[in-house]
Amino acid sequence: MGAKTGLLVYMAPASSGPLRLPAEADPERTAELVGRLYPGWEVTESARCELGDATYPPDGTAYLGSFPGVDIVCDQHWVGDHPSRLPQHLIDASAGRRLVVHWMHSVVDFLAFAVWEDGQLVRSLSLSPGSGVMENIGEPLPFEAPFWAGEHPVDPVPGWPAKGPYPLPFHPLDLGEEALRFFFGFVLEGMPEAEDMDPYEVALQGFGLTDPDGPTPEEKKAAMRAIISRMGTPRIFTHGPDGAMVEVEGL
């Protein structure tokens, strides 16, 4: 699985299931949404993108769309390990509505989602196999029950260097896809169901965004170079004749 998300969605209170959206967002309402969520930021309009491809934009880019009763924000800038720490102005923008955040990253099997009703946090979950459960607030939602009950165990990959059972009772990305369907009525990977919406039939407007209080592009590049310099030599694996994972030597 390779899906990634950095979603914030404002919608009617206690709503879930397929979003019924027109193909195009309202441009004026979308511009107002950007102004409310990114006050003081430098904003430049860029190309549009279908929701199915827009869920995890590159750093410095966001895709937004304001539709009747629904506002969608795709931006990795807000993603973190603890959804409950979402900046307050983003929560305040949900007054009288439901706010759902859905953050997922396939590289590290990370998932986090949270729900606010009229500004009150009612559920937040954040977990990954490397860090375990980082946040678990409120009662689990109905779609979570089979996962916590052990009905979706992770089968070990023969030959994979990580020994022992998977650290969690289910794969976070599997739960993440069910969360997408429960909250919004679509999936990014796996088989869509008949009643699911098609996220590739809805277009969002792209924006280039610069945080006046954040690091400059040069500072971000320097930080990334420092991270890469601390990494060891990568280990490459492939499938052997028997299907087990085998390390490739000499690369």
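Predicted model: local features only at pLDDT ≥ 70, side-chain atom pairs only at ≥ 80, totals over all residues.
The protein chain has 251 residues, of which 42% count as buried. Its secondary structure comprises six helices and 11 strands. Among contacts between residues at least 6 apart in sequence, 66% join residues at least 24 apart.

**Helix H1**

Helix H1 spans residues 27-37, and its buried residues are Thr 30, Leu 33, Val 34 and Leu 37. These residues lie on the same side of H1 because they cover an arc of only 100 degrees around the axis. The buried residues of H1 pack against several elements, including strand E1 (4-11), strand E2 (42-50), helix H3 (88-92) and strand E9 (203-210).

**Aromatic residues**

The whole structure contains 12 aromatic pairs. One of them joins Phe 183 and Phe 184, whose rings are tilted, with 6.0 Å centre to centre and 45 degrees between the planes. Both residues belong to one aromatic cluster, which also includes Phe 113, Phe 143, Phe 182 and Phe 186. The table gives the accessibility of the two paired residues.

| Residue | Relative accessibility | Class |
|---|---|---|
| Phe 183 | 0% | buried |
| Phe 184 | 1% | buried |

Phe 183 counts as buried because its relative accessibility of 0% is under the 20% cut-off. Phe 184, at 1%, counts as buried because the cut-off is under 20%.

Terms used. Residues numbered from 1 in each chain as written. Heavy atoms only, no water. Helix = DSSP H or I, 4+ residues; strand = E, 2+ residues; numbered from the N terminus. Buried < 20%, exposed > 50% of the residue type's maximum accessible area, 1.4 Å probe, protein only. Contact = heavy atoms within 4.5 Å. Phe/Tyr/Trp six-rings, centres within 6.5 Å; stacked < 30°, edge-to-face > 60°. Arc of directions from axis to C-beta.
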